[in-house]
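My notes follow in the order in which I checked things.

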Amino acid sequence: MKKTILAILLVMALALTACGNQTAPTTEEAAKKEPTTQVETEKTEEKAETAETEGAETGEMETIKIGVTPVPHAEIIEFIKEDMAAEGINLELVEFNDYVVPNIALNDGEIDANFFQHDPYFQANKEQNSLDLVSIGVVHIEPIALYSDQYAAVDELPDGANIIIPNDATNGARALLLLEKAGLIKLEDPSNINATEEDITENPKNLTFTPMDAAAIPRAYADADGAVINSNFAISAGLNPITDGLIMEEGDSPYANLVAVRAGEEKEEKFAKLMEALHSEKVREFLLEKYEGAVVPAF
């Protein structure tokens with residue numbers, strides 16, 4: 001019996017010794033470990049909340065991918081981006097440096113809208129390329145002007161002066177109409193927006209004309225006696241039609257710049273919001289102050 005009791009006591013002693021060897025963490029170690037775990041948990045929760053918020057915002061935003069030429073069209077769209085974002089619409093700009101590709105890109109579905117052209121060009125380009133596009137409204141007029149790096153006034157242009165004009169039909173006609181109004185030439189019909197050189201009936205200075213891609217004219221005009229340049233390309237080159245132009249288109253111009261979309265989509269709410277923003281008093285003031293007459297509101 002004594003042996004049995006002794007054995008039991010020995011087993012209990014060994015058990016207590018074994019438990020005592022499992023050293024518990026000190027208060028300092030516990031304090032170090034607990035905050036680290038808490039921070040990691042908070043970071044994980046914060047990441048999850050951020051991802052959820054961003055996902056929700058992305059889901060709510062609707063995007064309009066709009067094709068523009070750099071000046072002033074891209075600048076105008078950039079100006080209203082914040083206001084459109086508040087309406088749940090993200091404006092994604094796609095910049096072009098010519099007048100042909102933006103309409104084709106729109107027709108082919110690569111962009112949702114474009115903003116770079118006036119109506120006479122738009123109508124002619126649609127017919128020429130069989131495009132199913134419509135205008136949803138005009139925004140501004142960019143007065144076209146005659147510039148010269150060599151002469152300070154129209155009457156200084158020499159006999160036989162060479163004038164560069166845009167090579168597309170509508171802007172080429174626009175250039176001739178401008179020269180007609182200045183008395184440099186006479187056209188058979190001074191109101192014909194499709195006029196060509198063949199319609200010139202009088203040319204007292206024997207002017208010669210060099211058609212050129214409109215975007216390239218600002219880089220070449222200094223080598224000619226004069227050049228008729230569209231204001232968007234003139235502004236990009238640091239020229240202002242009011243201060244630098246020898247003659248400038250008047251305010252009754254039919255060449256207001258418009259926003260185009262694919263036919264059948266013109267009544268979509270996102271486009272109504274776009275035009276509302278572009279026709280705001282805020283945009284009117286922006287155009288008048290920033291461009292100082294080189295870009296004129298058409299609304």
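I began with helix α3 and helix α10 (residues 269-278), working from a predicted model, and found that their axes come within 10 Å and cross at roughly 115°. I noted the crossing of α3 and α10 as right-handed. When I listed the residues that make this contact, I had Ile76, Ile77, Ile80 and Met84 from α3, and Lys270, Lys273, Leu274, Ala277 and Leu278 from α10. Sorted by class, the contact of α3 with α10 has 7 nonpolar and 2 charged residues, and no polar ones.

Next I turned to the packing of α3 (residues 70-86) with helix α11 (residues 281-291), where the angle is about 140° and the axes lie 11 Å apart. Angles over 145 degrees would count as roughly antiparallel and those from 65 to 115 as roughly perpendicular, and α3 and α11 are therefore oblique to each other. Here, too, I recorded a right-handed crossing, with α3 passing α11. On the α3 side I wrote down Val71, Pro72, Glu75, Ile76, Phe79, Ile80 and Asp83, which meet Lys282, Val283, Phe286, Leu287, Lys290 and Tyr291 of α11. By class I have 9 nonpolar and 4 charged residues in the contact of α3 with α11, with no polar residue among them.

Asn230 lies in the loop that runs between β10 (226-229) and α8 (231-236). Leaving aside residues up to four places away in sequence, I found Asn230 touching Tyr99, Ile144, Pro166, Asn171, Arg174 and Ala214.

Asn125, by contrast in setting, is placed in helix α5 (residues 119-129). For Asn125 I again noted a relative accessible area of 4%, and this residue is buried. With residues up to four places away in sequence not counted, Asn125 touches Asn103 and Leu131.

Last, I took down some totals for the chain, which has 11 helices and 13 strands. Of its 299 residues, 41% count as buried, and the chain exposes about 16,300 Å², of which carbon and sulfur atoms supply 51%. Among the contacts between residues at least 6 apart in sequence, I noted that 75% join residues at least 24 apart.

Definitions and conventions:
Residues are numbered from 1 along each chain as its sequence is written. This is a predicted model: local features need pLDDT of at least 70, side-chain atom pairs count only at pLDDT 80 or more; totals for chains, interfaces and linings use all residues. Side-chain values use heavy atoms; hydrogens and water are left out. Axes are lines fitted to C-alpha atoms, for helices over the stretch in contact, and angles run from 0 to 180 degrees between N-to-C directions. Helices (H or I, at least four residues) and strands (E, at least two) are DSSP runs, numbered from the N terminus. Angles under 35 degrees count as roughly parallel, over 145 as roughly antiparallel, 65 to 115 as roughly perpendicular and the rest as oblique. A crossing is left-handed if the near helix is turned anticlockwise from the far one by less than a right angle, and right-handed if clockwise. Contact means heavy atoms within 4.5 Å. Ala, Val, Leu, Ile, Met, Phe, Trp, Tyr, Cys and Pro count as nonpolar, Asp, Glu, Lys and Arg as charged, and the others, Gly among them, as polar. Buried means under 20% relative accessible area, exposed over 50%, partly exposed in between (1.4 Å probe, protein chains only). Accessible areas come from the Shrake-Rupley method with a 1.4 Å probe; for residues, only the protein chains shown count as cover.
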